[in-house]
Amino acid sequence: MFRSGAMHVHDQRGEGPTGLTGPDLELVAVDPNVRRSIEVLVIDDEHSLRESCASLLRTEGFAVTVAGRGEDALRLVKNRRFDVVLLDLYMSQVSGLDLMAATHEANPDTLIIVMTGNPSVESSVTALRAGAWDYLPKPFSATHFEILVGRAAHAVVVGRESGTRAERPASLASLSDQVPIYGGSRALAKVMELASKVARTDASVFITGESGTGKELIAQYIHLHSRRNSRELVPVNCAAIPEALLESEMFGHVEGAFTGAVREKEGLLEVANGGTLFLDELTELPLPTQAKLLRVLQDGVVRRVGSTKTDAVVNVRFIAATNRDPIKAVQDGTLRKDLHYRLRVVPIHIPPLRERPEDIPVLAERFLAQFWSQHREPHAPLPTLSREAVETLRRAPWRGNVRELRNVIEHLVVMATPGEEVRPDHVVFVDEDDTERGPVTFDRATMNLDYHMARDQVLTRFEIDYLTHVVRSSGGNISDAARMAGVDRTTLYRLMEKHGLEKDAVLDASTGRSAPPG
């Protein structure tokens with residue numbers, strides 16, 4: 001093990017920073033010619049450990065510089081560009097956190113690995129939130145050191161390739177136009193400010209908020225403003241993919257891994273290599289899959305279903321989202337604590353629409369123009385929202401948030417007369433509190449529509465009523481609700497998402513309680 005005063009290199013793979021052992025850790029191959037171009041700085045005030053690390057790195061072919069004093073390290077990071085920096089978190093004179101800040105200020109692309117003799121969840125989270133790429137608790141074996149540096153070198157290579165291939169848009173404004181996030185509230189401004197800051201890093205982001213608040217839009221915004229925007233943003237709805245297929249979708253599979261696996265298939269993690277993986281509704285991910293995902297987060301190594309070897313090494317930025325309280329999910333045992341810490345480096349919470357009513361008029365006008373151009377003739381005059389109609393919208397509870405507002409405005413567009421002023425009685429809401437509507441009725445307004453529009457309107461009302469009924473009847477158990485409806489769990493989730501229905505909000509409406517924050 002690497003220890004103060006001496007270095008002992010063991011052939012076996014001992015327990016390392018991730019708590020993994022044996023064949024779960026594998027070396028990442030980086031071309032020897034490429035290694036010579038990777039500049040590594042080792043900062044530690046323990047002479048023997050510093051020189052042992054440097055010697056091993058030089059043997060591996062890296063270009064290595066060492067610093068034993070904080071002041072020397074500060075001068076180096078300010079005046080030279082390093083690809084990888086390994087530093088002790090607890091140093092005299094200049095703290096490791098100060099060195100991290102100076103390194104990122106000089107070169108935001110530098111990967112920092114923190115070495116700490118006081119390993120704990122708190123210290124590791126502090127380091128990750130401060131911008132560390134990974135951390136290595138002391139004492140550590142030579143093999144674990146090689147593995148972690150090899151992963152960092154691989155990430156440097158992928159980053160260089162991404163940078164040379166990237167065709168970045170001319171301005172952030174043009175990027176913003178690709179992600180329609182509208183509103184002028186202070187709450188939304190804070191969300192966007194945080195999203196803009198974190199986008200420039202590779203830190204994992206955990207987005208929380210009620211269903212329909214726009215979590216996926218924020219994930220898209222972060223990806224488009226990142227240095228990975230030339231690669232893919234790969235969304236994974238952890239709730240919508242059947243559990244039996246989820247592991248194969250995420251990690252891929254080899255031929256013959258299970259019945260129907262007639263050929264080898266790469267998973268979404270490999271598709272997202274060099275880009276971003278968006279894990280929507282993370283708390284719905286089964287615990288065994290969470291454990292396997294944690295290994296990818298720690299080592300970048302992907303092993304396909306049915307495989308006995310490493311099939312790929314990936315460099316992926318992770319953005320997770322949930323409409324639940326992740327702390328409660330950890331306490332309930334549905335979300336692994338270690339996975340939560342890894343993914344929640346930067347938390348972003350999107351407030352519900354009812355807590356930012358200033359955004360409602362802006363969103364309503366945008367949706368009105370969008371759906372009018374989509375559903376009406378090009379020269380048909382656009383209706384206008386009266387002051388009273390806007391006030392009606394502002395006072396609504398919006399349990400379905402922005403998604404529900406979109407549906408209300410689209411319904412309004414379908415029913416509106418070109419050029420008319422929209423009054424409050426034109427605004428139709430879905431009444432989630434009315435549990436006993438009885439059979440669907442056909443009012444005069446519906447009967448005056450053409451066949452296709454009338455059918456769509458009645459079908460929408462039926463689907464909302466039916467979904468609300470089965471979810472409440474099952475007590476919120478989606479598997480039971482799907483069995484009652486005679487459809488699979490995935491189909492039920494997609495129908496609920498289509499109409500902006502969120503399980504907790506439906507249950508709360510039946511009891512008269514307010515929906516809890518996401």
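Two strands are taken as paired if DSSP finds at least two bridges between them. Helices (H or I, at least four residues) and strands (E, at least two) are DSSP runs, numbered from the N terminus. The legends below describe a predicted model, in which local features need pLDDT of at least 70 and side-chain atom pairs count only at pLDDT 80 or more, while totals for chains, interfaces and linings use all residues. Residues are numbered from 1 along each chain as its sequence is written, and side-chain values use heavy atoms, with hydrogens and water left out.

**View 1. An open parallel sheet of five strands.** The strands follow the order β4-β3-β5-β6-β7, and their pairing is parallel. The edges are held by β4 (63–67) and β7 (134–137); each has a single partner strand, so one side of each is left without a neighbour in the sheet. On average, neighbouring strands of this sheet are turned by 20 degrees against each other, direction ignored. Axes are lines fitted to C-alpha atoms, for helices over the stretch in contact, and angles run from 0 to 180 degrees between N-to-C directions. Helix α3 (residues 70–79) packs on the sheet and touches β3 and β4; contact means heavy atoms within 4.5 Å. The direction of α3 makes about 140 degrees with that of β4.

**View 2. Strand β5 and its partners.** Strand β3 (residues 39–43) pairs with strand β5 (residues 84–88) in the parallel sense over four bridges. Across this pairing, Leu41 stands opposite Val85, and Val42 stands opposite Leu86. β5 also pairs with strand β6 (residues 111–116), in the parallel sense and over five bridges; here Leu111 of β6 is the bridge partner of Val84. Together, β5, helix α4 (residues 96–106) and β6 make a right-handed β-α-β unit. A crossover is right-handed if, with the strands pointing away from the viewer, the path from the first strand over the helix to the second runs clockwise.

**View 3. Side chains of β5.** In a regular strand the side chains alternate between the two faces of the sheet. Val84, Leu86 and Asp88 point one way from β5, whereas Val85 and Leu87 point the other way. Five of the five residues of β5 are buried, so the strand is largely enclosed by the rest of the structure. Buried means under 20% relative accessible area, exposed over 50%, and partly exposed in between (1.4 Å probe, protein chains only).

**View 4. Surroundings of Ile241.** Ile241 lies in the loop between β9 (233–237) and α10 (243–251). With 17% relative accessibility, Ile241 counts as buried. Leaving aside neighbours within four places in sequence, Ile241 is in contact with Val236, Leu246, Glu249, Arg489 and Thr490. Ile241 and Arg489 are 248 residues apart along the chain, yet their C-alpha atoms are separated by 8.6 Å.

**View 5. Surroundings of Glu270.** Helix α11 (residues 268–271) contains Glu270, which is buried at a relative accessible area of 14%. Beyond its neighbours within four places in sequence, Glu270 is in contact with Phe251, Val302, Arg304, Ala312 and Val314.

**View 6. Surroundings of Pro381.** Pro381 is placed in the loop between α15 (359–375) and β17 (384–385) and, at 46% relative accessibility, counts as partly exposed. Not counting residues up to four places away in sequence, Pro381 touches Trp372, Pro418 and Gly419. The C-alpha atoms of Pro381 and Gly419, 38 residues apart along the chain, are separated by 4.8 Å.
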